[in-house]
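Please keep the structure in view while reading.

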Amino acid sequence: MADNVLYAGRQLLDRQIATVEGRSVGKVDDLEIDVDHPGGPVVSALLTGQIALGARFFGRMSVWVTSTAQRLRETGDTSPRRIDVRLVSSVAATVTLRVPHGDLEPADLERWLAEHFIGRIPGA
Amino acid sequence: MKKLLQVALGVLTAIGGFVDIGDFVTSSVVGARFGMGLAWVLVVGTVGIIVYAEMCGRVAALTKRAVFDVVRERLGVRFALVNLSASYFINLLTLTAELAGVAIAIQLATSVNYLLWIPLVGLVLWLVVWKLPFEVMENSFGLLGLALLVFVISLWKLGPDWSAMLDHAVHPAVPSGEGRPTWWYYGIALFGSAMTPYEVFFFSSGAVEERWGRQDLMTNRLNVFIGFPLGAVISLSIMACSALVLGPLHVQVSHVSQVGLPVALAVGKLGIAAMLVGFFAATFGASLETLLSAGYVFAQYFGWPWGKAAPRPREASRFQTLLLLTLFAAMALALTTLDPVKVTEYSVVLSAAALPLTYFPILVIANDRGYMGDQANGWFSNTIATVYLIIIGVVALVTLPLMLATKAGM
Amino acid sequence: MLRRPGRIGATVLVVILAGGCAGSSRTDDDYRHKVANTAETLDGVLGTVQVALKVSSRAPAAYLSVTFADADDDASATAGNFDAIQPPSAAADQLRGRLDAVMQDTVSMLDDLRVAARRNRGTELAGLATPLPRLQARLQQLEGVAG
Amino acid sequence: MTMRITDLVGKPVVDAEGGSLGKVHDVRLVRQAPYGESGALRVDGIIAGKGGIAVRLGYASADLTGPWLLKVVLGRMSRHALFVPWSAFSIEHDRLVVHAGRASLRHPRELTS
């Protein structure tokens with residue numbers, strides 16, 4: 001198989017995303033395709049987190065996963081957490097980004113729990 | 001020299017960490033009821049866990065990925081969720097049993113009812129996962145667990161007719177008065193106690209955590225190939241002790257207190273002390289492992305930070321929240337006064353039934369040369385691994401029907 | 001598809017956990033089996049007690065105390081389960097009477113042993129356990145009634 | 001306009017006459033520029049066929065040759081797969097319709113770049 005070929009489902013989807021220093025960001029829960037890109041459609045972003053994941057389930061499960069995640073959003077924005085594809089530095093067993101942890105917005109649930117629960121326990 | 005010490009430590013903790021409440025209780029229950037007639041299952045189960053754990057360690061070392069990471073990638077997001085729910089539920093049941101086991105160890109030393117100890121044990125457990133240097137804890141509990149070798153000494157002191165015992169073990173027969181389904185049901189329980197999935201979740205997560213690489217493959221093999229069989233010798237000794245002392249009196253083992261009686265008979269007070277230390281360490285270590293495994297499976301499925309990828313608890317707030325919820329759930333379950341021995345039996349039986357869910361994807365990825373390169377399974381390991389795939393497939397299919405047919409072994 | 005397996009598993013578990021060993025008994029034959037099983041279980045409890053007595057000077061007091069308490073609890077629970085079964089006939093009634101008598105003697109002996117062990121009076125244990133061989137013999141006789 | 005890759009994966013695929021070609025197993029991407037540039041990963045086309053589980057597990061790939069039992073069963077399931085270039089299909093309702101004739105479609109292993 002040529003090195004420049006990548007099968008999205010088998011080699012990209014559901015893989016772990018990590019920052020440059022090796023910290024977990026999330027899974028590649030979906031990929032965004034820009035259909036109108038000049039020169040043919042391209043992958044424009046990695047989508048990660050519960051909102052993207054929820055869309056992959058069916059029925060009530062899908063609604064439940066997605067809506068609980070959307071409720072945590074402070075901005076009222078209901079689209080999934082998006083990581084621009086330009087931030088990707090390599091794709092292997094792990095998808096590694098070229099940015100450090102501090103440059104990324106934390107996941108909603110992570111932030112909420114850190115502020116309201118875990119962060120309040122001594123030693124956190 | 002330092003390397004050698006490390007390897008020795010790994011092997012010793014693998015021995016001490018092999019036995020948990022599942023092995024402890026099931027071996028004794030089966031020994032008292034069926035003699036050595038099901039000892040062969042323990043051998044089959046131990047070879048199984050060796051094959052399984054070695055693959056997981058190898059996959060973790062080469063891909064830097066733990067079990068549930070692989071499960072989601074290979075089985076797809078939906079099927080892996082079913083898998084996650086089942087694994088988490090069984091893990092919770094196991095944690096409940098181990099937690100009760102720790103409390104019972106303290107009860108047996110103090111005669112204060114175990115239910116009163118559960119909140120305290122839960123609190124200490126949480127403090128350990130919250131702050132303490134985990135590797136130190138893991139190693140100390142593994143080493144303390146070696147105190148269970150007192151069962152080997154006891155067996156030797158009881159002076160059994162070794163050849164008759166061996167004869168019984170290699171010519172298994174269903175004892176009169178026992179139904180064939182019951183015999184098989186307990187066989188599955190024993191198989192599940194040896195091949196507990198949480199051990200593998202934990203083992204592979206630990207390997208990823210410690211950044212195992214190609215150079216650690218030898219350590220992996222030594223831990224597994226030497227540590228596990230020696231650990232299984234402890235299980236076999238527990239079984240044999242019960243078969244010798246409790247079996248002839250038709251004792252039905254339903255309490256941990258009964259398991260230690262042969263030790264008291266053979267070695268006396270010091271023996272009981274060693275057994276209690278070993279049992280405490282084994283169950284406490286296993287409580288830690290099951291609790292963390294509950295967090296690992298979720299974190300690895302959803303891609304949350306866990307372990308060293310999040311140096312401070314607040315950076316892994318989802319993981320830490322889940323640990324707390326799981327611990328509370330297990331404590332609540334234990335406090336409902338569910339019989340700990342029964343909970344243990346269900347947890348090992350259901351573990352056996354759920355094995356294919358994680359074993360299968362690991363087997364597939366251990367064969368993927370895209371990941372594993374020259375360390376992919378060879379024909380020899382694949383032959384054994386395929387035999388076990390068939391065994392655990394059959395076990396998974398028959399477990400629930402057998403459970404209902406035998407009313408869970410009654 | 002996602003929720004069903006979990007629900008089935010949970011249901012099975014609840015059914016099994018709630019089911020227990022006892023149940024109703026419609027025929028004499030069935031009842032005789034229940035008598036024999038109960039006698040066997042109690043015989044096993046007495047087996048535990050027999051070993052515990054043997055090691056009473058070789059095991060820590062707390063350990064022994066828990067062992068006797070566990071045995072006592074097991075015997076009481078077994079007796080309770082058995083008493084919940086209705087005998088289907090007069091013949092079964094008579095059988096029930098026989099087993100009940102042994103059960104009462106067993107539980108009362110175990111109560112005494114439990115108290116003595118709890119109060120750390122290890123020297124009294126042997127004396128309190130004198131009925132043990134006789135109880136075992138009676139139970140073993142009842143184990144044979146199922147034929 | 002944007003879409004998601006899981007809008008494609010799993011969708012039924014039919015030819016111009018309405019005959020089934022299976023489902024979308026995967027999406028083939030080609031790296032046409034270094035990572036970091038926009039448009040580094042071009043969407044080349046889809047892989048359609050039957051035996052989705054076997055493909056998912058990796059048995060359509062040459063990397064997976066064992067264990068023998070699984071290779072025989074799953075390898076066979078995933079044998080029939082077709083590559084459909086992006087320009088050769090359109091998305092209609094809940095399915096993909098392939099305009100190109102079946103004869104012009106090739107197995108993904110026969111692709112060169």
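In this predicted model, chain A and chain D bury about 2,900 Å² between them, with 59% of that area on carbon and sulfur atoms. On the side of chain A, the residues that lose the most area to chain D are A:Y7, A:R10 and A:I33, which together make up 20% of what that side buries.

**The interface of chain A and chain D**

- The contact involves 34 residues of chain A and 31 residues of chain D.
- On the side of chain A that touches chain D, the elements giving two or more residues are β1 (5-7), α1 (8-11), β4 (30-34), β5 (42-48) and β7 (88-91) of chain A.
- Of these elements, β4(A) provides the largest share of that side, namely 5 residues.
- By residue type, the side of chain A that touches chain D divides into 19 nonpolar, 6 polar and 9 charged residues.

**Strand pairing between chain A and chain D**

- Strand β1(A) is joined by 3 bridges to strand β3 (residues 20-31) of chain D, and the two strands run antiparallel.
- Within this topic, one bridge can be named by its residues: A:L6 has D:L29 in β3(D) as its bridge partner.

**The interface of chain D and chain B**

- Here 12 residues of chain D and 16 residues of chain B take part in the contact.
- The rule finds 0 salt bridges between chain D and chain B, and 1 residue pair in polar contact, with both residues at pLDDT 80 or more.
- Two helices of chain D, α1 (52-57) and α2 (68-77), each supply at least two residues of the side that touches chain B.
- The largest share of that side, 3 residues, comes from α2(D).
- The residues on the side of chain D that touches chain B comprise 7 nonpolar, 3 polar and 2 charged.

**Strand pairing within chain D**

- Strand β2 (residues 12-15) of chain D pairs with strand β7 (residues 95-98) of chain D in the parallel sense, over 3 bridges.
- In this pairing, D:D15 has D:V98 in β7(D) as its bridge partner.
- Strand β6 (residues 89-92) of chain D also pairs with β7(D), in the antiparallel sense and over 4 bridges.
- Opposite D:S90 stands D:V97 in β7(D).
- The hairpin of β6(D) and β7(D) has 2 residues between the strands, and D:H93 takes a positive phi near 50° in this hairpin.

**Aromatic pairs**

- Over all chains, a search of the whole structure finds 25 aromatic pairs.
- One of these is the edge-to-face pair of B:Y88 and B:F298, with 5.2 Å centre to centre and 85° between the planes.
- B:Y88 lies in helix α5 (residues 77-110) of chain B and B:F298 in helix α15 (residues 269-302) of chain B, so this pair ties together parts that are 210 residues apart in sequence.
- A pair of aromatic rings is described by the distance of the centres and the angle of the planes.

Technical notes. Residues are numbered from 1 along each chain as its sequence is written. Chains are lettered from A and ligands numbered from 1 in the order in which they are written. This is a predicted model: local features need pLDDT of at least 70, side-chain atom pairs count only at pLDDT 80 or more; totals for chains, interfaces and linings use all residues. Side-chain values use heavy atoms; hydrogens and water are left out. Contact means heavy atoms within 4.5 Å. Buried area is the accessible area (1.4 Å probe) that two parts lose on being put together, summed over both. Ala, Val, Leu, Ile, Met, Phe, Trp, Tyr, Cys and Pro count as nonpolar, Asp, Glu, Lys and Arg as charged, and the others, Gly among them, as polar. Two strands pair if DSSP finds at least two bridges between them. Rings of Phe, Tyr and Trp (its six-membered ring) pair if their centres lie within 6.5 Å; planes under 30 degrees apart count as stacked, over 60 as edge-to-face and the rest as tilted. A salt bridge is a side-chain nitrogen of Lys or Arg within 4 Å of a carboxyl oxygen of Asp or Glu. A polar contact is a pair of N or O atoms within 3.5 Å; within protein, one must be able to donate a hydrogen and the other to accept it, and residues adjacent in sequence count only if both atoms are side-chain atoms.
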